[in-house]
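Please consider the following remarks on the aromatic contacts of this model. They are set out as numbered points.

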Amino acid sequence: MRALGVLDGLLQSQRGDLFPWVPVLFGIGIGLFFSLRVEPGLAHHLWGAGMGCAALAMLWRGDRQDAVVFLGWILLLVALGFATAGLRAYAVEAPVLQYRSYGAVEGRVIAIDRSARDRLRITLDQPYLDRISPDQTPARVRLSLPDGARVPRIGDRVMTTAHLMPPQGPVEPHGFDFRRHAWFQQLGAVGYTRVPVLIVSHGPRDLPVEQLRQRLSTGIRSQMPVATGGFASAITTGDRSAIPRAALEALRASNLAHLLAISGLHMGLLAGVVFGGLRLLLALAPAIAQRLDTKKVAAVGALLTASAYLLLSGMQVASTRAYIMVAMMLVAVLLDRRALSLRAVALAAMVILLMRPESLLSPGFQMSFAATTALIVIFGGLRDRLTPRSPRWLRMAAGIVLSSLIAGLATAPFGAAHFNMISHYGLLANVLAVPVMGALVVPAAVLALCLAPVGAAWAGLALMDLGISWILFVANWVAALDGAQGAVTMPPASVLPLVAFGGLLLGLWRGRLRLLGVPVLIGGAMIWYGSPRPEVLVAPNGGIVGVLTAEGRALSRAKGHGYAAERWAENDGNLQTQKEGAQLWPLIAGSEASGKSVTAYLAATDQRLTHVIGKAAAEAMTECTAGEVIISAKSVAPIGDCLVFDADALNRLGSVQMDAEGRWISVRDVVGTRLWSRDPATSRSSP
């Protein structure tokens with residue numbers, strides 16, 4: 001009871017608006033679901049039901065003790081978040097390919113994008129796979145196309161022959177789990193084709209929004225240069241498939257890639273331009289202005305425009321969040337009320353988490369809400385303390401600089417954790433580019449849309465081209481500056497939750513308790529700074545091995561399996577290439593190269609590591625010595641007291657790593673057995 005009294009005192013003293021904490025507690029429940037190593041069974045569901053019952057009991061007797069109500073809501077929201085994530089995981093369940101396959105593939109094109117390696121990709125639904133029974137056929141299949149391939153249209157039914165495989169697990173035990181990501185997209189097979197894609201039939205108009213997006217994207221690109229056309233297509237329809245890789249890398253290096261995401265900046269600017277433009281036009285007609293509330297008419301027009309923009313954007317996390325916030329502000333105008341910004345953010349978060357609870361783990365969700373919350377909290381505090389005595393142009397300039405700084409600081413830890421990169425001159429790039437985005441690019445896009453019915457969209461697109469050309473110039477200039485980017489290591493799993501919770505305490509809580517956010521943030525930073533990287537990493541298929549050295553990670557191969565090598569370098573906070581990593585292997589003490597096998601001596605654990613490369617070398621591996629670690633992409637059965645990670649073991653365990661204490665940890669040890677990992681991919685040929 002004493003603890004309840006303390007909570008009651010805290011609640012009484014902090015009786016501010018607690019609604020922003022609703023998605024936080026709901027998200028904790030979602031996070032608990034994804035942190036489990038086993039799929040929730042009867043015990044977990046009973047635990048959740050017990051929490052829900054306890055919460056309801058506390059709420060029932062809440063008329064006597066506010067602290068009881070407080071605890072009841074905490075338990076109820078956490079239990080609801082856990083249950084929502086579980087329901088979503090089962091609701092999207094679909095077959096997953098269980099082996100590598102080569103054969104005919106047919107399906108309907110529902111999405112077109114580009115891979116991280118700049119390969120054009122298509123996603124198919126309603127697929128037909130050769131020699132795969134219908135009940136085992138994945139709901140969706142994604143294929144990379146060869147260079148120069150004809151791009152089909154959304155809705156077309158296509159066919160080709162392709163190499164397919166199941167979605168692969170992390171390239172290291174604590175890395176990004178693509179299998180989980182693919183599970184919630186119902187993506188049951190991925191692969192590539194080296195032959196042309198044939199169009200079987202042009203699809204009916206059963207994907208009207210997606211087809212409209214593609215037509216608009218194609219029309220915009222046809223009237224603009226390649227680089228600016230791809231940018232314009234991305235900010236109007238969400239289609240990034242036409243952005244040149246060099247331009248995309250420059251935008252990322254200069255911290256301007258957020259301009260490509262249809263987010264609060266774009267949605268707010270569009271709604272603001274339409275709202276202001278409609279009010280101005282209506283004011284020019286006195287007869288109308290005297291009979292109608294032009295402010296509310298403009299709000300309706302802006303709301304309809306924002307709704308259409310949301311559909312065209314593909315309803316991604318950032319655009320959905322931005323739309324909800326803009327819609328709340330416009331509805332507040334209609335109701336003659338003032339919108340509560342933090343409530344709008346909380347409502348947007350709840351809607352997204354209810355629809356797609358898995359988005360909690362995505363960088364888009366984390367960075368979008370971190371930036372928005374920080375901007376609202378800080379500018380809200382400044383608004384109450386500062387008086388507008390300085391010139392308008394100076395306040396606007398200061399607002400741009402301050403908003404870029406706040407958003408950059410708020411998103412920096414999340415961007416660094418997910419992408420292992422920090423842009424040192426991001427503030428400079430945003431100050432130079434964001435005003436042009438708001439003053440020229442977005443108004444020009446609205447102008448092009450208004451002039452399109454009379455065939456004069458080119459005028460608006462020409463203005464867009466000028467603005468986007470400036471943004472790309474800034475991006476390339478900043479990216480070329482010495483030291484424009486810095487690499488950071490991948491943090492442990494506990495760091496981002498600590499950073500998020502510390503930031504929320506500082507931003508949302510009221511009173512002295514918010515200062516607890518400072519040690520929480522410092523604790524997260526110290527854990528990140530002090531976390532060591534694995535001494536040895538083994539790719540999921542055993543095709544490449546990496547050993548940590550003082551100069552970087554030494555790699556057992558200079559070619560092949562480049563995806564794992566690239567991800568390891570990024571997670572190490574090292575910008576080395578695979579070739580540079582391979583040049584470090586001979587520098588390891590005791591390293592040898594014999595035929596298709598390479599060895600290295602691990603001094604820290606007194607072990608000899610042997611990577612067997614190729615089928616012939618695997619067949620020749622018939623014996624081993626005590627303390628030796630054998631790694632092979634093929635099946636081996638050496639005689640001796642050694643540790644073997646061959647094809648069979650790795651198919652079962654996933655990628656493995658060795659820490660500084662000599663402990664070997666696998667993906668299966670970290671991820672466990674979940675819906676998306678219970679049937680691990682194998683390297684068997686199709687039957």
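1. Trp664 counts as buried at 18% relative accessibility, where buried means under 20% relative accessible area, exposed over 50% and partly exposed in between (1.4 Å probe, protein chains only). Phe645 is likewise buried, with a relative accessible area of 7%.

2. The model is predicted: local features need pLDDT of at least 70, side-chain atom pairs count only at pLDDT 80 or more, and totals for chains, interfaces and linings use all residues. Residues are numbered from 1 along each chain as its sequence is written, and side-chain values use heavy atoms, with hydrogens and water left out.

3. A search of the whole structure finds nine aromatic pairs; rings of Phe, Tyr and Trp (its six-membered ring) pair if their centres lie within 6.5 Å, and planes under 30 degrees apart count as stacked, over 60 as edge-to-face and the rest as tilted. One of them, Phe365 with Phe369, is tilted, at 4.6 Å centre to centre and 45 degrees between the planes. These two residues are four apart in helix 14 (residues 363-383), and therefore separated by about one helical turn. Both Phe365 and Phe369 are buried.

4. Phe645 and Trp664 also form a tilted pair, with 5.1 Å centre to centre and 45 degrees between the planes. Phe645 lies in strand 16 (residues 643-645) and Trp664 in strand 18 (residues 664-666), so the pair ties together parts that are 19 residues apart in sequence. Helices (H or I, at least four residues) and strands (E, at least two) are DSSP runs, numbered from the N terminus.

5. One aromatic cluster is formed by Phe33, Phe34, Phe82, Phe184 and Trp676.
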